[in-house]
Every structure is written in C-alpha cells, then in structure tokens.
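Subject: Structure handover

Hello,

Here is the structure I said I would pass on. Please open it alongside these notes.

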Amino acid sequence: MGVLLQAFFFGTGPVDGVPSPVDGDRAVPFWWDRLAAQAHDLGRAGFTAIWAPPPLKGASGSSSNGYDPFDDYDLGSKDQKKTVPTRYGTREQLERCAAMMRANGIDVYVDLVENQRDGDDGHFVFHYVDAFGNPTGGRFEKGPGDFHPHVPEDPGVFSDQFAFGRDLAPIDGVPADHCGKGLVDAADWLTRALDAQGYRLDDAKGVSTVFVQRLLRTGAMANKFSVAEFADGNLQLIENWANDVQHRSAAFDFPLHFALKDMCNSPDAFDMSSLDHAGLAGTDPQGAVTFVENHDTDRGGIGGPVIRNKLLGYAYILTSEGYPCVFYRDYSTDKNCFALKAPIDRLIWIHEHVAQGATLQRFKDRGVFAFERLGGGHLLVGLNKDANASRTITVATGFPPHTQLRDFTDHEGTVTTDGQSQATITIPKNDNGKGYVCYAPPAKVDPFSRKPVPTTQDYEGAADLDIKPAVEGQRLEVCRIFAEAHTEMTVRLSFDAAHWTPATTIQLEIEGPDGRTAASRKFDHGAAQKAALTVATQHKGFHSLFVQSANTPAQNKAPKYKASVTYTAPQSI
C-alpha cells in the first residue's frame, strides 16, 4: 500500500503552525519550498505519498495553519486577510511542490476541511476578493443559509460538539444545494489545480456521511484515495462511519494509536499480546491508515503525545498490515524535530520489500509479541517492551528448513531455521524504542529509484477566480510552470467563445526561463476547444504562460478560459 508522510507539524513556535518567513525570519523558507527541496530525498527514502496541510487562505491570514479556511478559491494568490501567500507560501510555490513530488513518484493528498469556514463579517456572510482585486465578487460567496444553526442539522453527522468555526450545511443549506454544490465544485477545482491524488478529510465526525459520498464520487475526486480523521478510540464507531460512507474512504486508526501510545509511554503496564490484530487494521487493514503521532496528538490534543519509545510504535506500523503514516516531526532532522529518519528509513525499506500478505501470530505474552507476514518471501517480526533485558524466543515460521535469515534492522545478527522451520531469535531490550527485530532472507538494501511522473495542472481565468480572464488588449500572465529541461510541455486551451466574431482571437504564448518566446498559438472562433500547444523545454526553470485577447465582442469582453498544462517537473530544485 506504500508509506505516507504527514508532511507538516505544529506547535514549536509563537504561532501554531510550521516555521514560516511571515514570522519575521526571512531566512526561513516557505513550507511549500521546504517540502519541494526534500522531494527527491523523500522519494529515495521510499515514501509513496505525502499528506499536505490545508492549502486554503485562512481567516487568520499569515498566522493560519489552514484549519480556519476562509476562501475556497484562494491558494495563496489573492490579497485578503492582510496577506497574499498563506503561511505555507503562494499558489505557485504549492503547485511547484506538488509537481516535484510527482516527478519523484510521490502522490499528493490534500487536507480537505469540509466542516467549517471562518472569517465572516460576524453575521455568517462571506465575501471574497475577485480576480481584479475587488473586495467582493469572488466565487462561492456564502450567507447564513449555508450554515448551521440557521438550517437543520444535516443527516449522517456523528457529532457536532466541537465548534471549530461556522458549521457548513452541505445537505440542508439554503438556497437548496448552494453549499453542497459549492463545496464539491471547489474541491474539483482544487484537485485539478494541483493534480492531487487523494485527500485527508478533517473532522469526519462533523461532516455528513451523505455529503462525503457525493464529494468523493464526483468529478475529479472520483476514484481517488481518501482517509478520514474520525478521532475516536471506539472501533465500532469508526466501522459504523466506514459503513455509512460505503467504504469510499479509509480512516485513521485511532484505536491502534491509543494502544501504541500506551505501549510506548507506559510499557510496564502494557500487555504486548494485545497487539495481535489490534485496532482497525486488525479487522479492516485495507481501510486503516495507521500512525504513531500526528499534529494534534503531538501538541497535546486527542489524548496527548507519545513521549518515549516512539521507534517501537513505528516498528509495529511499518511491519504490520494497514497503510502506515509517518509524522514529519518524528522523522525529520529539522530544528525542533526528533530525527528518527535513519531507523524509519530502514523500516520503510522493510515495509516496501518484505512486509506483505496476511499476519500470523507466532508468539505473545505480556512482554513480547512476535508475528509473521505471510506474503512474498515472508517476514518475521519480534517486539520487546522490556527496557532492562533482551528476550530470546523460539517460534515456528513459514520459512523452509535451514533458511538463513537476516535482521534487516541490524539490531541482531543472522539466524538459521532448524529442520522443523523453527527460528530462535533474540529481541534486544527496548532501549529508547529499539526493542525490535525484522527477519527475512538476505537481500541488498538500496535507496529507492523513482521514475519521474508528469503532472497536469489546470489554470482557469475568470473574473470571480484568482486569475484574470482574457481581458481585451492586455497581455496577461496566467501562471509560471517549473519544468525540467529537455522534456515536453503541452498546454491545452479551452475558452468561452460566446458571441465571438471572425475577428476575435486569443493568443497563447509560452515563454522560457530565458525570457524568450518558446511557442505561441492564436485561437479564433473556429478553433477546437482544448487544442494543444506543445514545446520541448530547453532549460530547467520557470516557464511563463500568457494570454491576450483581441476584438472581443461587447457581450464577452473578457472571455473565460482554462489552460491545462501537462509537464514534468525536476526531481530536485
């Protein structure tokens, strides 16, 4: 299933969010650039996807961590809430980051906050800046009818006890379907703008399961991955939610998280045998995203953080069934992070190469749990909670008799199964979480090799969006695309040709990093929609797209358009 990285963390500075230059230190990069600079290393480490923080402009402007979303069409491109960039950076920086992740074979999951909006006028009225900088006229403005308690509670809401902001009403809002359709259309626009491969659904308890099904089955969202934050230790409740959304989304495995927190923080009181098919992953491994820590638990929420022995938790989730998620602050060597990169990298290699198939318990008591993954060449895992002593156990295995096995964690040496396929293994003492071994037939451990994947990102120009329409007589920059040298870039243009005369045209130009025109094409009223302009890039760097209309009719002086750009970003900045 791959390995997911939660690519952000909170709570180490004066503002509740990641480091950002908006706090005053211009030497600190915007977060989208910080992630882009790591894309190649993350791919070589074996990560297959990142979970990016909420990208929308927040009500608290540059202080926003994204969970107080304001404008559904502002990714850091409009001047509102006293800032153009979000705390994480500009739309251009975000799109470059997403494209560079794809160039390194990494999927991008966007954090969708569908429960609330913040930053209204105090009366549940939301106005947004338009493409020309006017204070109103932005797409999907909202009023009281789009929110509870002005309308009845939506069906399929598990809990509305937490007031995170103005509570959206996608089912029962008025006018009918203004809120629901608006949210779906905005998520579709966001998905196409970034070429996202999936989603994390924030606060799933507070969002209608009826709406979740619609959201994830419509437009660009259809068939993409999703994982929901249903923050509860009650396994049955999470399973009920999954049934209600017809298993269209996975869920974070909070029951397992709470068990791992107890194991790590209070090992003396923890019964290791309880790890046998624990949590949601124990009953529905395809629907479970497992984790040791996240941005909420790390800063004291939802039960508090894991404060010791974290590696033992990662050894479990990266060798067990389920889709494991690594927390950036645990992994990274950045300032104020915990620098577990080296041992986690090895566990990722184990997960991706040998941790396959169903799980069979091989040994368990209060102090030790050992299990075997039965797929591929098999994997034998042993976990020991005792900080004072190692444990030696003999277990049956599915390996052939007299098979040499290597501990890929390098905590212990090789062992050989006996004539009955049993293995005697020693699990080291749990020194700062290192009480684990992972045995499999010997193999070479190399970094992962990632084939570049092209991306297609949509740029729409319209008066009520963040990019201007094709205003007559003005050469307007649509966007800048960060492309690799000696690759192919294709732009497909569609446009509103209503009322055009034979003299009406839109000129599309691609300008290279050297400032020279690399390609251009003029579209008239007879041109095919989505006709392509293709260029072979000569240089690595930003390529600019421009449009200019001429002789537009009075009824359509500034035509709307969409430029779909397919290109391959560099693997490294």
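Below is what was found, starting with how to read it.

This is a predicted model, in which local features need pLDDT of at least 70 and side-chain atom pairs count only at pLDDT 80 or more, while totals for chains, interfaces and linings use all residues. Residues are numbered from 1 along each chain as its sequence is written, and side-chain values use heavy atoms, with hydrogens and water left out.

Helix α1

Helices (H or I, at least four residues) and strands (E, at least two) are DSSP runs, numbered from the N terminus. Helix α1 covers residues 31-45. Even so, α1 has a kink of about 50°, centred on alanine 39. That bend is the angle between axes fitted to the seven residues ending there and the seven starting there. Buried means under 20% relative accessible area, exposed over 50%, partly exposed in between (1.4 Å probe, protein chains only). The buried residues of α1 include Trp31, Trp32, Leu35 and Ala39. They pack against β1, β2, α2, α10 and α11. Glycine 46 follows α1, with a positive phi near 110°.

Nonpolar cores

A nonpolar core is a set of buried Ala, Val, Leu, Ile, Met, Phe, Trp, Tyr and Cys residues joined through side-chain atoms within 4.5 Å. The largest has 155 residues. Tyr316 and Leu383 touch the most other members. Helix α3 (residues 178-194) gives the largest share, nine residues. Tyrosine 316 is in contact (heavy atoms within 4.5 Å) with residues including Leu256, Phe369 and Leu383, leaving aside residues up to four places away in sequence. Another core, of 13 residues, lies apart; Ile393 and Val415 are among them.

Strand β29

Five of the seven residues of β29 (residues 561-567) are buried. Strands pair if DSSP finds at least two bridges between them. β29 pairs antiparallel with β22 (residues 455-461) over seven bridges. There, glutamine 457 partners valine 565. Six bridges join β29 to β24 (residues 488-495), also antiparallel. Threonine 490 stands opposite threonine 566.

Cysteines

Cysteine 337 is buried at 13% relative accessible area, and cysteine 479 is buried at 7%.

Best wishes

Methods. The expected span of a helix is 1.5 Å times one less than its number of residues.
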